[in-house]
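Reader: I have a structure to look at and would like to learn how to read it. Could you walk me through it?

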Amino acid sequence: MIRVALADDQHLVRAGFRALLDAEPDVEVVVEAATGAELLERLRGASVDVVLMDIRMPDGDGLWATERIAADPAFADVRVVVVTTFELDEYVARAVRAGASGFLVKDTEPEDLVRAVRVAAAGEALLSPGATKLLLDRMAVGLRDHADPSVLDPLTEREREVLQLVGFGLTNDEIATRLVLSPLTAKTHVSRIMQKLGARDRVHLVVTAYETGLVAPGWQ
């Protein structure tokens, strides 16, 4: 059973999401909250797999709450999906950088919302690396205010090469072709990089590539 938390200050939105998700045999809404602070409080008393997070909420917005969930070891297995009114909300890129596994717009089709919950619960990212790169290209201002290239110190030179290609949005097969490796070797490199950097998913490797300067806005 996939356990979901809903964080939105509009009661009707939460009620709609709850009705949709609770109708699925493998999904259950176990937490509702109208503010970021309320969400964090309720998460501590529940077992949750996925949070559907509104950005604009009082008393701790979605960005604030996402940052705290991502930074708390107690929530290491919780995946955050940002649900926003605007596809290119200025906060979306920052939310992905803060630890969200992807985002949806509120007028998405019902079946896509359900699919997104299942994808996030499986530990996958809702944004492809290529889509994330496009998003960060368009929202790059301020993303590297606190850049710290030293986070790459644990990586070998080959792993840095692989990380840069992940940052460009390449798949494992494309990385293997570019570096003349087997697909299995490329996949192993990516897995080791994620482990060394503590990345939640491949999307966050793209964010790290941006923050450390391995990839710059507009690069192809």
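Reader: How many helices and strands does the protein chain have?

Author: Helices (H or I, at least four residues) and strands (E, at least two) are DSSP runs, numbered from the N terminus. Here the protein chain has 10 helices and 5 strands. This is a predicted model, where local features need pLDDT of at least 70, side-chain atom pairs count only at pLDDT 80 or more, and totals for chains, interfaces and linings use all residues. Residues are numbered from 1 along each chain as its sequence is written, and side-chain values use heavy atoms, leaving out hydrogens and water.

Reader: How do β1 and β2 pair?

Author: Two strands pair if DSSP finds at least two bridges between them. Strand β1 (residues 2-7) and β2 run in the parallel sense, with 6 bridges. Ile2, for instance, has Val27 in β2 as its bridge partner.

Reader: Is strand β2 mostly covered or uncovered?

Author: Buried means under 20% relative accessible area, exposed over 50%, partly exposed in between (1.4 Å probe, protein chains only). In β2 (residues 27-33), 5 of the 7 residues are buried, so to speak mostly covered. Across the 220 residues of the protein chain, 47% count as buried.

Reader: At what angle do the axes of α7 and α10 cross?

Author: Axes are lines fitted to C-alpha atoms, for helices over the stretch in contact, and angles run from 0 to 180 degrees between N-to-C directions. Helix α7 (residues 157-167) and helix α10 (residues 202-211) have axes that come within 8 Å and cross at roughly 105 degrees. They are therefore roughly perpendicular to each other (angles under 35 degrees count as roughly parallel, over 145 as roughly antiparallel, 65 to 115 as roughly perpendicular and the rest as oblique).
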